[in-house]
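Thanks for asking me to look this one over. Here are my notes, in numbered points, to read alongside the model.

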Amino acid sequence: MTVLDRLKDAVGAKGFSEDPAELAPHLEEWRSKYKGHTPLLLKPATVAEVSAVLAICQETDTKLVTQGGNTGLVGGQIPLHGEVLLSTKRLNRIRHLDESGMTLTVEAGVTLAEVQHTADDKGLLFPLSLASEGSCTIGGNIATNAGGTHVLRYGMTRALVLGLEVVLPGGVVLEMLRSLLKDNSGYDLKQAFIGSEGTLGVVTAASLRLFPKPDIMVTAFAAVPSPAAALKLLGRMQHATSGMLSAFELMPRIALEFVTRHIDGTRDPLPSPSPWYVLMEATGGKHANLTASFEDGMAAAIEDGLATDAVVAASQAQAQALWKLRESISESQKREGASIKHDISVPVAAIPDFIAKATPAVLAVMPGARPVSFGHLGDGNLHFNFNSAAAGDDPAFLSQWDEIQQVVHDIVKEFGGSISAEHGIGAMKVAALPRYKSHEELDAMRALKATFDPKNILNPGKTVPPVLRL
Ligand SMILES: Cc1cc2nc3c(=O)[nH]c(=O)nc-3n(C[C@H](O)[C@H](O)[C@H](O)COP(=O)(O)OP(=O)(O)OC[C@H]3O[C@@H](n4cnc5c(N)ncnc54)[C@H](O)[C@@H]3O)c2cc1C
């Protein structure tokens, strides 16, 4: 029996596909930057099937890539070297919701949107929120330690995971599906798998932390003269709302122009143009008089010149329309044509200086490129992106990706920042990582990889750089 036949046997007739039409959408990612190939798509429906698959892979030295919703932005989920592909889409059960304990246990292939709705149906909140939430899976969110728009208040995915079930290479099931807020019984092993990008094990289920759903949500879109003013506005509004801000997103004028040009049903909510904008959200309980505090804070900020104008949503529909402007930036950038993207973080207070230094440094190499830096200012995280000078495809522009990336990442390092704030390393940044992390830190990563995956069968060549031999 061939290895592929053994793998097919392990998952049963419904658990695999070799049909090119079914495989195709799994082999290319959202930006079309990475394309892969595979002899076999596996679709296990139980933990036992995942375990059987990984036992065969370990025994036969068969390489395997795990894929959730295929929305990852660094190529980690694509089988670039003909690996077997394991999709978690059939691991899609909601296992348990504990209303009073405010925890939810779900399988890895459940989409983030379904997790949110399941919590919402019980008057609870799962605060992780990404523009890809209709497609991305909770397993993928955990594997990438996803961030999104509410990190400011609730933290990254890591802060929302209480327990995990993970299958290791070789098929061992690590059952760590506890729902405890406090657990100091030795190493917190689940943390090793959160953000490990499919290189250490396959996450099959997770126990998640839920929160009370806020009664009040105030959403505002403010025009600000500069990133420095936006930073001051962040501090001002945190104080005005007693720390109740749940999102604080920066975007430049050009991002608003892209969105209103390409995305149906969007419009500029303010009467006159501004070089920069901030989308803010504060949430809280009815008792907190949050709306009045928020509006007072905003009025004072306008008086002091931190903002020039603002609109506060008067209804949920208006709030959604304002969020649509922010959440459509990536899509509109794609429709506008070629773009080179960075997902970086620096200390929050350094954001204005970073933009002021890195933008001209990139333009010196690519004159005419259009800077579209936007993102989670409240988290010190920018999607520091550039579109080509004119709309449309531009292979010559894209061929400069690596050169530009290094210019940007070197400046990130000067500011004590990270070359990947939330998207991960995957295939995209693995070659660059040794320039920005110490030998000691990289060796510790390699040691961890060797402990859990000694035969290097999971996502080989991604996230963990090989030792360079001279
Ligand atoms: C429009 C858009 C907006 C986005 N916005 C954000 C954002 O604001 N913040 C953010 O952090 N990300 C964002 N992303 C990136 C992406 O949605 C996240 O990285 C998401 O967490 C990936 O989930 P997924 O299920 O699609 O994983 P995939 O893309 O399928 O996989 C991503 C990585 O996780 C591994 N993996 C997936 N499932 C498992 C599993 N069960 N066990 C082990 N490894 C696994 C894969 O091998 C791969 O390395 C965005 C993407 C798009 C397209």
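**Notes on the predicted model**

1. The second largest pocket holds about 850 Å³ of space. On a 1 Å grid over the protein atoms alone, a pocket is an open set of points where a 1.4 Å probe fits, with protein on both sides within 12 Å along at least five of seven lines. Grid points are joined across faces, edges and corners, and the volume is the space filled by probe spheres set on them.

2. A word on the basis: this is a predicted model, in which local features need pLDDT of at least 70, side-chain atom pairs count only at pLDDT 80 or more, and totals for chains, interfaces and linings use all residues. Residues are numbered from 1 along each chain as its sequence is written, and side-chain values use heavy atoms, with hydrogens and water left out.

3. Back to the second largest pocket: 28 residues line it, and Leu125, His150, Met217, Glu281 and Gln316 lie nearest its centre. Lining residues have an atom within 4 Å of a point. Helix H11 (316-327) is among the elements that supply at least two lining residues, and H11 gives the largest share, six residues. Helices (H or I, at least four residues) and strands (E, at least two) are DSSP runs, numbered from the N terminus.

4. Next, an open sheet of five strands, ordered S5-S6-S10-S8-S9 with antiparallel pairing. Two strands pair if DSSP finds at least two bridges between them. Strands S5 (94-98) and S9 (173-176) stand at the edges with a single partner strand each, so one side of each has no neighbour in the sheet. Within the sheet, five bridges join S6 (residues 103-107) to S10 (residues 202-209), and Thr103 stands opposite Arg209 in S10.

5. Helix H3 (residues 47-60) lies across S5, S8, S9 and S10, at about 50° to S8. Contact means heavy atoms within 4.5 Å; axes are lines fitted to C-alpha atoms, for helices over the stretch in contact, and angles run from 0 to 180 degrees between N-to-C directions.

6. A second open sheet has four strands in the order S1-S2-S4-S3, with mixed pairing. S1 and S2 (residues 41-42) pair in the antiparallel sense over two bridges, and Phe16 has Leu42 as its bridge partner in S2. H3 packs on this sheet too, touching S2, S3 and S4 (84-87).

7. Finally, the axes of helices H9 (residues 253-262) and H12 (residues 329-336) come within 8 Å and cross at roughly 75°. That makes H9 roughly perpendicular (65 to 115 degrees) to H12.

Terms used. Angles under 35 degrees count as roughly parallel, over 145 as roughly antiparallel, 65 to 115 as roughly perpendicular and the rest as oblique.
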